[in-house]
Each structure stands twice: as C-alpha cells, then as structure tokens.
Amino acid sequence: MPEITILKRPREEAVITQRMFFKKTARGKVIKVLRERYLRDDISCGVDGCRACNVAAQTVLPRSGDTTHKLFPTGHYILPDTNVFLAQMDLIESNHFTVPIIILQTVMEEVRHRSLPLYSRLKALTTTEEQKVWVFYNEFRSETAIVREEDETPNDRNDRGIRKAAEWYNAHLTLAHPPIRGQPNSALPKVVLITDDFANRQKADKERIPCISVRSYVEGMKNSDQLLDLLSATGSDEVEPTRAVAGRTALYADYLPTSALLAGVKAGQLHQGHFNANQYNYLEGTVPVPGFTKPVLLVGRENMNRAIQGDVVVVEVFDEREWKAPTDEVIDQEATLKNDDAEDSEEEGDDLMVHERESKALRAEHTKKAPTEKQPTGRVVGIIKRNWRAYVCHIDSTSLTSSNSTSLGLQTVFATPVSRLLPRIRLRTRQAPSLVGNKILVTIDRWEITSRYPEGHFVRALGKAESKEAEQESLLLEFEVPYRPFGKAILDCLPPEGEQWVVPPKSAASPEWRDRTDLRDLIVCSIDPPGCQDIDDALHARRLTNGNIEAGVHIADVSHFVHPDTAMDNEAAARGSTVYLVDKRIDMLPALLGTNLCSLRPHVERLAFSVIWEMTEDAEIIDVRFTKSVIASKAAFEYGEAQLRKDDPKLNDKLTQSIRLLNSLAQKLKAKRMAAGALNLASPEVKIHLDSSESSDPVDVEQKALHETNSLVEEFMLLANTSVARKTQESFPQTAVLRRHLPPPHTNFEKLQDILQKRKGLKLDVSSSSALADSLDKCLDPKEPAFNTLVRIMATRCMLSAEYFSSGSVSRDTFGHYGLASPIYTHFTSPIRRYADILAHRQLAAAIGYTPLHPSLHSKMHVERVMEVVNRRHRMAQMAGRASVEFYVGLALKGRNEREKEVTEEAFVIRTFRNGLGVFVSKLGLEGLVMFKRDTQFDAENYTISVPSSDIGRPDVTISVFDKVTVRIEVEKDKNTQRGRVKMTLVSPVDSRAL
C-alpha cells in the first residue's frame with residue numbers, strides 16, 4: 001500500500017491562500033465571500049526547454065523569445081497589463097503582431113469583469129495557432145500570488161500582482177537558461193511589462209522590471225509602419241492630440257456623472273433610450289423613451305452631444321414651449337461639411353462658419369409648424385452604454401493634404417462610414433495614399449468635447465471598393481454577421497460518419513428510434529423557394545376513416561444533432577440565424593447538418609419532429625399531437641412546381657390529392673385568421689436574376705411571384721408555431737421561448753392617417769388590428785391597382801418589430817402577436833436557420849416527456865440573455881439581406897444603363913421634402929430620393945411641392961404624396977459607400993435635371 005503524507009498548512013499562510021471580496025446580490029444585498037485558493041509551485045512558465053519547470057508540461061513560448069525588436073536584441077516576451085487588452089485589442093490580434101505574449105490570470109479576470117466582448121476575443125486569442133500566447137495562472141503560483149493590502153484599491157492590487165509576476169518571470173528565466181560550463185554566458189531574454197499607465201511604469205522602473213509603453217514598443221518593431229496605425233488613442237498618455245482638439249473651446253457639454261444619470265432616470269427627471277440618427281438629416285436624431293408616446297427629438301449637433309447610432313443615452317426633455325417638429329428638408333453631411341479640413345488647421349473662425357451653416361440649415365425648419373406635429377424635444381446629458389465598434393469606411397480623398405498625397409508620413413484624414421447614420425471619423429495614418437479607393441475597417445476610440453468628429457484608428461483594409469469580395473465582406477462586417485469558418489471544436493460535434501450517416505434500421509435497441517413514431521409510409525412532401533437546400537419542413541394531409549382530415553407538419557429534428565452546452569450549440573447561439581445574401585448563405589450550422597443530415601431531402605429517411613392535427617372539413621381542430629418521428633419525403637417541390645401540380649386536372653395521385661387537401665385547409669385557416677383581425681401587410685420583395693451560379697453577375701430584377709402554394713406553406717407553419725407555443729408555455733410558464741408583436745402606438749400612424757385623409761379622402765382606423773385590417777382593405781384607387789400594396793408597405797413601416805422573449809419575463813397580457821392576431825406564438829419550424837427554433841424544439845421534447853430539459857432552459861435569466869442576442873442577430877440578418885439585394889439591384893441597373901440609352905421606371909411619391917421627393921419604384925422594390933437644387937414651394941401641411949415647369953411660360957407643377965411619376969434611374973459612385981449608388985431624377989411630370 002502506498003504511503004500517504006498529509007501536509008498541514010501553517011496558520012500564517014492562510015492570509016495568502018484565502019481570497020476575500022464583496023459581492024452584490026440580485027436583490028441589492030452586499031455579502032462577503034471568502035474563497036480558499038490552493039497555491040502550487042508546479043505551474044509552468046510556458047517557455048520551451050525550461051529546466052526549472054516540469055519537463056512534461058506543455059510549452060508555447062520559444063526558448064529565446066522574439067529577437068527582432070530594436071530595444072531587445074537578446075530576445076524578449078511581452079507581458080501586457082489589463083488596459084492594453086481593453087484599449088489595443090486590434091493591435092494584439094493583428095497577423096503582423098507575432099511577439100510571444102504572456103497573459104496573466106489576473107489580467108484575464110479583470111478583462112472579463114470590464115468587457116465580456118473583449119474577454120471573448122481574448123479567449124479566442126489564447127487558442128489561435130497563428131500567435132504564441134501563454135496563459136500563466138499567477139494567482140495560484142506560490143511565488144506570484146499576492147493579497148490586497150490595507151487601504152489598497154483593487155486596481156492597485158492588480159497592478160502590483162502584474163509587476164510581481166513580471167519580476168518573477170525575469171528571475172525564473174535565469175533558471176531556465178543556466179550557464180553551461182566551458183561556454184560563455186549568453187544574454188538572457190527579458191519579460192517586458194507593457195503598460196500605458198505612467199504610474200505603473202514608474203513603480204516598475206524602481207523595481208528594475210523592464211517596462212515600456214505600447215506606442216514606444218510598437219515604434220521599435222520591424223513592421224512599425226503597419227502596426228502604428230492600429231493603435232487606439234484611448235488610454236494612451238503619449239498620443240499627441242490633433243490640432244483640431246488641442247487648445248480649442250468646448251463644442252459640447254460635459255456628460256453628467258453616472259450616479260446623477262441613474263438617479264435622474266429613477267426619479268423620472270431624465271429619460272433613457274437608444275439614440276437613432278436621422279438618415280435624411282445628420283443634424284437630427286431621436287430617442288424613444290417609455291415616458292412619451294412620441295420619441296424625444298434632438299435638434300442640432302450640441303443637443304445630440306456626441307451620441308452615435310445605437311448608443312444607450314440619457315436625455316433631458318425641455319419645457320413644452322421649446323418642443324419642435326422634425327425637419328422637412330434633406331440636410332446632407334457631405335454637402336454641408338465638404339470643405340472641412342481633417343487636420344483643422346484653420347483659425348477658430350472656421351468652427352463659427354460651420355456652426356452658422358448648420359444653424360441656417362435648421363432655423364427655417366422648426367418654425368411655423370402645427371402644434372400637433374411637435375414632439376418632446378431635448379438634449380443628451382450622458383451615455384449609459386456606447387455602441388462603438390469597427391465600422392466599414394473609406395478614406396475621403398479630399399481630406400489628404402496636397403503636399404502629402406504621395407507621402408507615407410503621418411497625416412490626419414477623414415474616414416467616411418458606409419452607413420449614413422454615422423459621423424465622419426478623424427483618423428491618423430501613415431498609409432492614407434495607399435488606402436484611397438479601398439474599403440477599410442475603422443474603430444472609434446474617443447470623441448472629445450472640443451472636436452466636431454470622433455477620433456479612431458485603422459484596423460485593416462478589406463479590398464478595392466466595388467470589388468465583389470470587398471463589398472460582400474464589408475456588408476457582413478457592417479451588420480456584424482459572424483462569418484468565420486467553423487472551427488475544429490465545432491466540427492468535432494458532428495456525427496463521425498459524416499455524409500455517410502443514415503437513419504439506422506428500426507430497432508428497439510437503436511437510440512435514434514427511441515420513442516419515435518414511424519411515419520415513413522406517409523405521403524410527405526416539401527414546398528420551398530427555388531434553389532432551397534436547407535429544407536426545414538415537410539407536410540402531409542390525408543382523409544381519415546371517420547371523415548375528418550389528418551394534416552401534419554414535419555420539421556427537421558436539429559436538436560438530435562445539436563446538443564446543449566457544446567461548442568456547436570454555443571456557436572449557433574452566438575450566430576443566432578442563418579443570413580441569406582443574394583449569392584451566398586452564411587450558415588448558422590455547419591453545412592453537413594444544414595444541407596444534408598437535417599435537410600428533409602426527397603427519398604431519404606430523416607429524423608423529424610412532427611405536429612399532427614385532426615381537423616374537420618372546415619379546418620376546425622379536434623386534436624393535436626406532437627411526436628419525434630422518422631419520415632421519408634416523397635418529393636421536394638418549388639412553389640411554382642407545386643402550384644402547377646395542384647392545378648393540373650390530369651393529375652389525381654395521392655401526392656397531388658395531399659397538396660390539394662392542404663391547400664383547401666390553408667384557405668380556411670387563413671380566412672379564420674383574417675376574420676380574427678390578422679393583418680395582410682406587404683414588403684417590397686424582388687428577385688435578382690444572376691448570369692449563372694458561378695459568375696453571380698446580376699442581369700435583371702423583377703418582383704417576386706407569389707403562388708397559392710406560398711400561402712399554403714405559410715398557414716401550416718403559422719399553425720404549427722401557435723400549437724407548439726401553447727404546449728411549451730403550459731409546460732414551462734417561466735421560461736418558454738415565445739415570439740410576440742406588440743401593438744404599435746397610435747401615434748406611429750398619425751402621419752400616414754393624415755396623408756391618406758388629405759390626399760385620398762381615406763380613413764385609417766388603428767383602434768385594433770381588426771379595424772386596421774378592414775380599413776387597409778378599403779384603401780383602394782380604382783385607377784391604380786398598386787396603390788393598395790403601397791399603402792400596406794407604408795403601414796408596415798409604422799409597426800413595431802416582432803421579438804423573441806421568455807414567457808416569465810413579461811406579463812401574460814403582452815404575449816400576443818398583433819400582426820397575426822394570435823394570443824400566443826413562437827418559432828418552431830426553421831431550426832436549421834434559427835436558434836430560437838432549436839430552443840423551442842428542446843422545450844417541446846421535454847414537454848412531451850421525450851427528454852429532460854437542460855438546466856439552462858430552466859433559468860429565466862439565461863433565456864433572457866439568449867433572447868437578447870437572438871433578437872439582435874435576427875434584425876442584423878434581415879438588414880444584411882436587404883443591403884445585399886440593394887447592392888445587386890444597383891449592379892443590375894448599372895448593366896442596364898450600359899445596354900440601354902436611358903432607364904426609366906414608374907414610381908410613387910411616398911414623401912415630400914422642402915428640397916426633394918422620396919419615391920418608391922415598386923417594380924424594383926427600390927426607394928430613392930429626387931433632389932431639387934432650385935427653390936420650390938413646399939406645403940408641408942398638404943404634403944405637396946410645387947416646382948417650375950420644364951416648359952417656359954407654363955405654370956408650376958404640383959406634386960403630392962401618392963402621385964405617380966416617371967423617374968430616370970442612373971448608377972453613380974456613392975461618396976459614402978464607394979459603391980454604385982442609384983440616382984433618380986424626374987422625367988415626368990417635369991424634367992428635374994433643370995432644377
């Protein structure tokens with residue numbers, strides 16, 4: 001029997017091995033937490049060939065470190081402090097930054113406490129193969145563990161721990177490189193502390209620890225020209241401010257302290273919300289807040305006070321006498337500020353000139369407005385959470401100084417974001433001339449009260465503007481779509497058989513067949529859009545012997561392959577949704593699942609989750625059951641193919657009968673929904689015709705054709721989602737994953753109601769969804785069939801967005817889906833492309849007793865957190881898809897411009913401005929602006945604008961909202977996006993080129 005030795009720790013060591021801290025509970029109570037930590041002396045330093053560490057320990061760091069730096073020719077490793085990772089992550093992640101890095105446990109924990117997104121990036125950095133990174137657990141190594149001293153702040157304690165670890169490493173390296181008898185002593189590599197904290201550097205110098213600032217370190221690197229541009233100005237005490245910032249008077253008010261902001265919001269004196277910029281007027285923004293039915297209007301640069309699209313801000317609302325109405329003029333940032341100098345070397349008077357131009361642009365707009373149009377008006381007094389991230393931009397070539405246009409010296413330039421909702425960013429770079437004409441990624445670092453523009457730093461170049469590769473990547477980055485390839489840990493979660501995986505033969509011993517219903521003999525088929533590869537759903541219908549009808553929806557059983565709390569599940573949760581672009585799909589799940597093992601292909605056995613109803617001929621539901629199943633689809637139709645089969649009188653086989661039966665039931669289900677008040681809304685959808693699947697060059701655009709079979713599939717998916725929602729909410733009333741669509745505030749419709757009343761004499765009743773549906777049906781123009789669709793599109797824009805939520809997080813009376821007129825709803829039918837559906841599958845499986853529910857789905861807080869991510873990803877996926885369509889429509893029109901002398905299309909006027917018109921080309925699903933440079937007569941109250949006639953001596957031409965006009969469509973390079981932009985001018989009733 002082996003001898004066991006028990007070592008007791010001396011009492012005096014307890015102070016070192018115990019960690020005490022205070023924690024605030026969810027109810028606000030502060031508790032003291034005492035944790036025991038077990039100190040060790042066998043934690044490896046990570047240096048290859050270290051004789052002082054365990055021989056079997058894993059090593060990452062090269063024996064001599066990096067020898068290419070000017071200041072450390074004998075070799076070195078870097079040990080950054082916490083603020084370096086918080087402020088300079090773009091630098092650390094760069095492929096050009098290849099220095100061996102030691103990351104301390106203290107730093108990892110502090111980054112996690114300060115910023116979870118940066119912590120995720122830091123964790124990813126520790127697993128990358130491109131860089132040599134070692135995580136050293138200094139809090140558990142006996143020689144480097146420290147305790148907080150009396151009157152020492154947590155920050156000072158951490159700084160001391162980082163210095164202690166750096167000191168230990170340098171002493172330890174002498175043991176790792178012992179002298180060899182008979183050979184001269186070689187110079188040892190150093191561990192260099194990297195910090196921008198001046199006080200920390202002073203203390204390190206006193207303790208003889210090698211230390212340096214980030215900028216000084218980068219300046220000594222061999223590829224410093226490329227890396228210096230990646231430096232963030234935040235946190236650096238060595239960055240010289242641009243002349244635009246130094247020695248200038250404040251343009252903005254300082255923000256209130258966070259404590260004052262929170263107290264003001266709690267007392268109702270201040271209001272919190274998300275800042276939304278105005279796409280037509282860069283000098284206006286709004287903040288929707290719970291305290292008012294209309295959003296708070298922010299007028300002018302000073303009142304927006306450095307807020308950027310998406311920031312969570314706190315606003316102070318002015319006295320009601322100072323409330324204003326939004327402007328009726330397009331005010332373009334490019335035109336107003338085109339002569340601004342990025343370095344801003346002009347005198348103080350330049351600021352006054354810009355201020356006067358901006359004030360003049362706004363002054364006329366906020367006078368003589370009807371009192372009903374005015375809304376709460378205020379100013380931003382603080383920021384709760386910044387939405388800063390990396391933005392896709394291009395260098396404004398006019399901001400390069402003429403003397404430096406071919407120089408690689410440091411110069412200050414403007415980076416213009418692709419999004420018109422963002423301000424220009426002041427950027428200091430040595431690469432400006434080579435970056436002109438490229439799409440680049442820029443991160444905002446700070447926005448001083450003395451600067452008109454935020455300051456940022458260059459991250460990386462994406463490629464030439466207008467090249468498909470750069471445009472596609474910039475689109476994904478702009479909408480924050482995760483598009484990295486699936487990593488090894490994720491792919492390891494897939495079935496080891498790969499594409500050879502099949503449903504095993506039916507057997508009681510087979511786990512796949514456990515508690516599954518064998519539905520392989522059912523006449524099941526799928527009906528999808530053209531080219532669909534990820535087939536989520538299939539359907540069947542058949543008559544029963546009792547005269548009723550059995551109808552079923554069968555959904556891919558994705559949850560059989562994607563298990564909770566695995567690498568693949570975590571990645572799917574982070575992606576949230578598959579993103580569909582015109583010529584590409586960014587999958588939520590690896591292709592092996594999405595387009596193969598989970599896709600309900602025809603003539604292949606597949607695992608499914610089935611919802612099966614027994615119905616009467618009138619589509620009254622008698623019974624519903626849920627079951628895991630195995631199906632074998634008999635056919636995969638496109639919408640058009642299924643329609644032809646249904647309509648062909650010569651066909652009467654079982655599959656055709658099933659489609660006809662499904663269609664008959666779908667019509668009755670839809671009629672019941674509409675009678676209950678469901679809305680038949682519209683959105684502009686177009687189909688892009690590509691030259692070929694290989695070239696992806698667009699050749700034409702047309703409106704999507706809708707068939708009866710589109711509605712067939714939609715009705716049964718809605719029914720399945722509603723049935724599953726009821727079941728999961730009954731079983732898990734606190735954490736059921738549901739989807740709701742809140743009723744829009746009546747004020748959202750005021751403008752549309754007024755336009756319809758004044759221009760067409762029509763009334764829009766928004767008292768309920770049923771009343772709105774009825775009045776939309778009556779919005780008809782006998783002379784213009786497309787008018788009703790236009791009104792529905794405009795009504796859709798007045799709606800709130802639908803959202804996922806956890807059933808225990810909101811009151812029961814807010815569960816309803818306004819648009820569908822359903823009291824409860826969820827998403828269950830698309831688990832291949834939506835993560836929320838996977839969660840609904842897991843909850844339904846637990847509700848029917850198939851498998852226990854994972855503990856995470858019993859946690860309301862966890863579900864709320866996941867829903868927040870999924871909602872955001874869902875919105876971003878929609879916007880990315882629309883932007884992709886817009887880009888390809890532009891390419892197709894550019895091709896038409898080259899083939900045809902002039903491209904003209906009919907359009908509806910949907911908005912009037914003092915200096916232009918907003919028009920909608922329904923055939924192309926395209927919205928655009930027609931701008932007038934000459935003076936016009938604008939009647940805001942009646943939504944009309946009068947412009948001079950093209951013919952001399954003829955009276956002015958009056959154009960109103962809902963008028964039909966003809967527009968000339970051209971494609972020119974957009975100054976913001978650096979890609980082809982659709983430009984529209986009027987052809988009739990007046991040629992606007994003369995205006």
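Five strands form a closed barrel in the order β14-β15-β16-β18-β17, and their pairing is mixed. Strands pair here if DSSP finds at least two bridges between them. From one strand to the next, the twist averages 50 degrees. The model is predicted: local features need pLDDT of at least 70, side-chain atom pairs count only at pLDDT 80 or more, and totals for chains, interfaces and linings use all residues. Residues are numbered from 1 along each chain as its sequence is written, and side-chain values use heavy atoms, with hydrogens and water left out.

Look at one pair of strands in this barrel. Strand β17 (residues 438-446) and strand β18 (residues 455-464) run antiparallel and are joined by eight bridges. Opposite Lys439 stands Gly463 in β18. Helix α15 (residues 468-478) packs on the sheet. The helix touches β14 (390-395), β17 and β18, and its direction makes about 145 degrees with that of β18. Contact means heavy atoms within 4.5 Å. Axes are lines fitted to C-alpha atoms, for helices over the stretch in contact, and angles run from 0 to 180 degrees between N-to-C directions.

Now step back to the whole protein. It contains 26 helices and 39 strands. Both are DSSP runs numbered from the N terminus: helices are H or I with at least four residues, strands are E with at least two. The protein has 995 residues, and 51% of them count as buried. Buried means under 20% relative accessible area, exposed over 50%, and partly exposed in between (1.4 Å probe, protein chains only). The accessible surface comes to about 47,600 Å², and carbon and sulfur atoms hold 50% of it. Accessible areas come from the Shrake-Rupley method with a 1.4 Å probe; for residues, only the protein chains shown count as cover. Take the contacts between residues at least 6 apart in sequence: 67% of these join residues at least 24 apart.

Strand β36 (residues 944-947) pairs with β37 over four bridges, in the antiparallel sense. Thr944 has Ser960 in β37 as its bridge partner.

Turn to the helices. Helix α4 (residues 105-114) packs against α6 at an angle of about 150 degrees, and their axes are 9 Å apart. The two are therefore roughly antiparallel to each other. Angles under 35 degrees count as roughly parallel, over 145 as roughly antiparallel, 65 to 115 as roughly perpendicular and the rest as oblique. On the α4 side, the contact is made by Thr106, Val107 and Glu110. Asn155, Arg157, Asn158 and Ile162 supply the α6 side. Helix α23 (residues 769-777) has its own buried set: Ser769, Ala771, Leu772, Ala773, Ser775 and Leu776. The cover over these residues includes α24 (787-796).

Charged pairs come next. Side chains of opposite charge can pair when their charged atoms come close. The structure holds 49 salt bridges. A salt bridge is a side-chain nitrogen of Lys or Arg within 4 Å of a carboxyl oxygen of Asp or Glu.

Which residue does Arg157 meet in a salt bridge? The partner is Glu139, at 2.9 Å from N to O. Arg157 sits in helix α6 (residues 154-176), while Glu139 lies in the loop between β5 (133-136) and α6, 18 residues apart. Arg157 is buried at 7% relative accessible area, and Glu139 is buried at 2%.

Arg121 and Asp90 form another salt bridge, at 3.0 Å from N to O. This pair links helix α5 (residues 116-127), which holds Arg121, to helix α3 (residues 89-93), which holds Asp90; the residues are 31 apart. Arg121 is partly exposed at 30%, whereas Asp90 counts as buried at 16%.

A further salt bridge joins Arg833 and Asp536, at 3.8 Å from N to O. The two residues are 297 apart in the chain. Arg833 is in the loop between β31 (803-806) and α25 (835-847), and Asp536 is in the loop between β20 (525-528) and β21 (537-543). Arg833 is partly exposed at 27%, but Asp536 is buried at 4%. Elsewhere, salt bridges that share partners join Arg389, Glu478, Glu480 and Arg872 into one network.
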